[in-house]
Amino acid sequence: PGADPNQALIAYSEVLGVGREMLSLGQGQGPIAARMIEDAIDKGSWVILQNCHLSPSWMPTLEAIVERLDMERCNANFRLWLTSYPSDQFP
């Protein structure tokens, strides 16, 4: 058991008037998540990736996406939120 921050993130984005997209990770969801992140970088919206523990094989790709972020290109409102249960497969 753990805390589920999704409702708080939804409420906060609504207060701020920021668009958001949510995706529960799992088999085959990595490419969809990558497209969502790319779009949000330009639009200045939020991406909430849930259940990262279900997609440990995609976490190195996500790490590479984050490391490549170009702050000159990123809209200042862009946010990437991740939720996960504890996992031995990634920190």
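Start by selecting aspartate 42, which counts as partly exposed because its relative accessibility is 46%, between the limits of 20% and 50%. The model on screen is predicted. Aspartate 42 belongs to helix 2, which covers residues 30-43.

Now show what surrounds the residue. With neighbours within four places in sequence left aside, the contacts of aspartate 42 are Arg73 and Asn75. Zoom in on arginine 73: its side chain and that of aspartate 42 are joined by a polar contact of 3.1 Å.

Select glutamate 38 together with arginine 73. They form a salt bridge in which the closest N and O atoms are 3.0 Å apart. This pair ties together distant parts of the chain, with glutamate 38 in helix 2 and arginine 73 in the loop between helix 3 and strand 3, 35 residues apart. Glutamate 38 is partly exposed, at 32% relative accessibility, and so is arginine 73, at 39%.

Through shared partners, the salt bridges make one network of Glu38, Asp42 and Arg73.

**The remaining salt bridge pair**

How many salt bridges are there to find? The count is three. Select glutamate 14 and arginine 20, whose side chains meet in a salt bridge at 3.5 Å, N to O. Glutamate 14 counts as exposed, at 52% relative accessibility, whereas arginine 20 is partly exposed, at 31%.

**Helix 1, side by side**

Next select residues 6-16, helix 1. Colour Asn6, Leu9, Ile10 and Ser13, which are buried. They lie on the same side of helix 1, because the arc they cover around the axis is only 100 degrees. In an α-helix there are 3.6 residues a turn, so residues three or four places apart point the same way. Turn to the other side of helix 1 and there are the exposed residues Gln7, Ala8 and Val15.

What do the buried residues of helix 1 pack against? Show strand 1 (20-24), strand 2 and strand 3 (79-82), which are their packing partners.

Stay with serine 13 for a moment. Its relative accessibility is 0%, so it counts as buried. Apart from neighbours within four places in sequence, serine 13 touches Val18, Arg20 and Trp46.

**The surface patch and the end of the helix**

A distance drawn between the C-alpha atoms of leucine 16 and aspartate 42 spans 18 Å, for residues 26 apart along the chain.

**Last stop: asparagine 51**

Finally, move to the loop between strand 2 (46-50) and helix 3 (59-67), where asparagine 51 lies. Most residues other than glycine have a negative phi. Asparagine 51 is partly exposed, with a relative accessible area of 24%.

Methods
Residues are numbered from 1 along each chain as its sequence is written. This is a predicted model: local features need pLDDT of at least 70, side-chain atom pairs count only at pLDDT 80 or more; totals for chains, interfaces and linings use all residues. Side-chain values use heavy atoms; hydrogens and water are left out. Helices (H or I, at least four residues) and strands (E, at least two) are DSSP runs, numbered from the N terminus. Buried means under 20% relative accessible area, exposed over 50%, partly exposed in between (1.4 Å probe, protein chains only). Contact means heavy atoms within 4.5 Å. A polar contact is a pair of N or O atoms within 3.5 Å; within protein, one must be able to donate a hydrogen and the other to accept it, and residues adjacent in sequence count only if both atoms are side-chain atoms. The arc is that of the directions from the helix axis to the C-beta atoms. A salt bridge is a side-chain nitrogen of Lys or Arg within 4 Å of a carboxyl oxygen of Asp or Glu.
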